[in-house]
There are 2 protein chains.
Amino acid sequence: MTEPKITSQDVARLAGVSQSAVSRVFTPGASASKATIAKVRAASEQLGYRPNPLARAMITGKSRIIGLVVAYLDNQFYPLALERLSNALQAKGYHILVFTAANSQDGIDAVIRDLMDYQVDGIITASVAMSSDLTQRCAAAGIPVVMFNRGQPGAGLSSVTSANVEGGRKVAELLVAGGHKRIAHIAGWHGSSTGRDRQRGFVEALADLDGELVAISDGMYDRDTAAKATRDLLKAQNPPDAIFVGNDHMAFAVIDVIRDHGLRLATDISIVGYDDVPLAAWGAYNLTTVRQPLNRMVDATVDTLLAQIKDPKRAPQKIEIDGPLILRTSARLPKDKS
Amino acid sequence: MTEPKITSQDVARLAGVSQSAVSRVFTPGASASKATIAKVRAASEQLGYRPNPLARAMITGKSRIIGLVVAYLDNQFYPLALERLSNALQAKGYHILVFTAANSQDGIDAVIRDLMDYQVDGIITASVAMSSDLTQRCAAAGIPVVMFNRGQPGAGLSSVTSANVEGGRKVAELLVAGGHKRIAHIAGWHGSSTGRDRQRGFVEALADLDGELVAISDGMYDRDTAAKATRDLLKAQNPPDAIFVGNDHMAFAVIDVIRDHGLRLATDISIVGYDDVPLAAWGAYNLTTVRQPLNRMVDATVDTLLAQIKDPKRAPQKIEIDGPLILRTSARLPKDKS
DNA sequence: CTGAAAGCGCTTACAG
DNA sequence: CTGAAAGCGCTTACAG
């Protein structure tokens, strides 16, 4: 019962024109007379013809497909990014081939190779790093890549992040101004530029301000790891009175543990996160955090990628977008602000 | 600087065989001698050849791409479903073309048409309904569709849901057994089978048990709508002592409002959700809810879809998977269970 | 502006 | 088992 596929041949026959004429009518920028256009449109309508994008892709080398590699979908930040990225790209007429990747280097490289086979016009990696080998292969294949929410040392790739060093610094300033004396940090994964940058800004600013940093550990962007780190901190003979947590997702786990111990937020211990995901604003957490301006980051990502697709010679861009500190109730405020 | 693409011609030349021989080596099931296979593999390795899936798709009509349409990414249930679905499909060698859809009928139909153009081998819609017109077109085009977490009256499409009617019933039984006297329901969107089924099971069971249903409203699967509905309920001269909320995502909003009003969960008012997303188990909410068995639902979805791709004449299946009530602390327990 | 023709990179009968 | 050839559904020089 499968309907036969309608091809440009069928349309040509019905419209009484050549197959190339049909193709031209559907190719933006190609020339065709009004009469031809009218005949072809009418015939297409009647038959329900739509050009086969696969055939088109094979010739032009442009698939209008963007590969999107994403991980950490349990952190609310990424589904939201995926949604916005997807909408923005769809609006520009692109389709999105999605890969969910565990964050192992082998897995990611295999995935990107697959993507390249499909002749994607560009690749966005969200929360994921690429090996420099692969980076070069993409460049060699002429496939632009932009990393979302992650940077990479060399100059090979475009990336869009928030101003993470600066963000870490803001948190240090807030905590010191709030009079905290024993400050700890449960960092984002050390394997990510994002985690390292936030930590660096935080630690440097703390040193500048003579704040006392009592402990640092790697939370791996993981709830359980962060929870365990928190329990360890609270077990100490002299527990911290503030913890800067590398992202909101971990900060929620930290808060759950804190409450479990009967401690009061802001009063006994202050918690600050990073991202400002929607959940951070919900009543149950009310998390003080640094906002990552998601919409602006997404726009920058899409703009950069499309610009590079349009002009393959365009140099990779490293874009950093500043985000504000959002004051809520999980951290004690400085006297003059409260 | 763009590298030229390696084709089967290049490999054939280097290996000293015909282009068809190269193709056969890469086509599972095609016959080739050991010697040929060895020569072709060696040459491919050396050149870094990988067959072009687009060209292959054009001939075979099988793209090994599955279209995935998803909405409501702010509800934690769906990103998780997306992740699992994506992983399961990737493991089977499929690629996933993702569309995020607002839940408007026009938008979804357009999206599915796009998907069909790309000759996807199958379509999964998550949390989204399809018009019967489109359903027929997919059938006519021979593209199997399975709806995830949503059913559809007619017999046209496969669907995988949890046992929603039964789930609603379980909640009614819990609430009545817990001695609640004024029970309200903030339902899932009436436009969704899922929302309607849960409500039906709940209302019917309540009637059977002589429970008093004081109010029903449509929460639209939306936080703000649910929050407003809750405020309205609490404003009444005689507010409810229990609310069954159509999914966890809305239940979190309901709980935020309840606490805002200084009410104690389970003591003053009981809240029950639906889904059992991870957040439901976190300390901040501890939500009593009906679990949707995500992994089993995903497995059933993938199995059904692949079976239908393999055998296009296979009849559509409507699969319902039972999920348990998860008792936490947001709802008062019956005496004998507490 | 328009048609005939070549070709994108493959798979698949068809002979041998 | 293997090669020559046709063809999937398009785009794009090339003439006219």
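The largest share of the surface near DNA strand D, five residues, comes from α4(A). A residue is near a strand when its C-beta atom, placed from the backbone, lies within 6 Å of it, and helices (H or I, at least four residues) and strands (E, at least two) are DSSP runs numbered from the N terminus. Please keep in mind that this is a predicted model, where local features need pLDDT of at least 70, side-chain atom pairs count only at pLDDT 80 or more, and totals for chains, interfaces and linings use all residues. Residues are numbered from 1 along each chain as its sequence is written, while chains are lettered from A and ligands numbered from 1 in the order in which they are written.

**Around the DNA**

- DNA strand D is surrounded by 27 residues, and the closest are Ser23(A), Ser18(B), Ser31(B), Ser33(B) and Thr36(B).
- At least two residues each of the surface near DNA strand D come from α2 and α4 of chain A and from α2, α3 and α4 of chain B.
- By class, the surface near DNA strand D has eleven nonpolar, 13 polar and three charged residues; here Ala, Val, Leu, Ile, Met, Phe, Trp, Tyr, Cys and Pro count as nonpolar, Asp, Glu, Lys and Arg as charged, and the others, Gly among them, as polar.
- DNA strand C also has 27 residues around it, with Ser18(A), Ser31(A), Ser33(A), Ser8(B) and Ser23(B) the closest.
- For the surface near DNA strand C, α2 (19–25), α3 (34–47) and α4 (53–60) of chain A and α2 (19–26) and α4 (53–60) of chain B supply at least two residues each.
- The surface near DNA strand C is made up of eleven nonpolar, 13 polar and three charged residues.

**Where chains A and B meet**

- Chain A brings 41 residues to the contact and chain B brings 40, with two residues in contact if their C-beta atoms, placed from the backbone, lie within 7 Å.
- On the chain B side, α5(B) gives the most, with seven residues.
- That side of chain B, which touches chain A, holds 21 nonpolar, ten polar and nine charged residues.
- Strand β2 (residues 95–100) of chain A runs antiparallel to β2(B), joined by three bridges; two strands pair if DSSP finds at least two bridges between them.
- Leu97(A) has Leu97(B) as its bridge partner in β2(B).

**A helix pair in chain B**

- Helix α1 (residues 8–15) and helix α3 (residues 34–47) of chain B have axes that come within 9 Å and cross at roughly 120°; axes are lines fitted to C-alpha atoms, for helices over the stretch in contact, and angles run from 0 to 180 degrees between N-to-C directions.
- That makes α1(B) oblique to α3(B), since angles under 35 degrees count as roughly parallel, over 145 as roughly antiparallel, 65 to 115 as roughly perpendicular and the rest as oblique.
- Asp10(B), Val11(B), Leu14(B) and Ala15(B) of α1(B) make the contact with α3(B), whose part consists of Lys39(B), Val40(B), Ala43(B), Ser44(B), Gln46(B) and Leu47(B).
- The contact of α1(B) with α3(B) counts six nonpolar, two polar and two charged residues.

**The six-stranded sheet of chain A**

- An open sheet of six strands in chain A has mixed pairing and the order β7-β6-β8-β9-β10-β12.
- β7 (213–218) and β12 (325–326) of chain A are at the edges with a single partner strand each, so one side of each has no neighbour in the sheet.
- Strand β6 (residues 183–187) of chain A runs parallel to β7(A), with five bridges between them.
- Ile186(A) has Ser217(A) as its bridge partner in β7(A).
- Helix α9 (residues 193–208) of chain A packs on the sheet, where it touches β6, β7, β8 and β9 of chain A, and its direction makes about 165° with that of β6(A).
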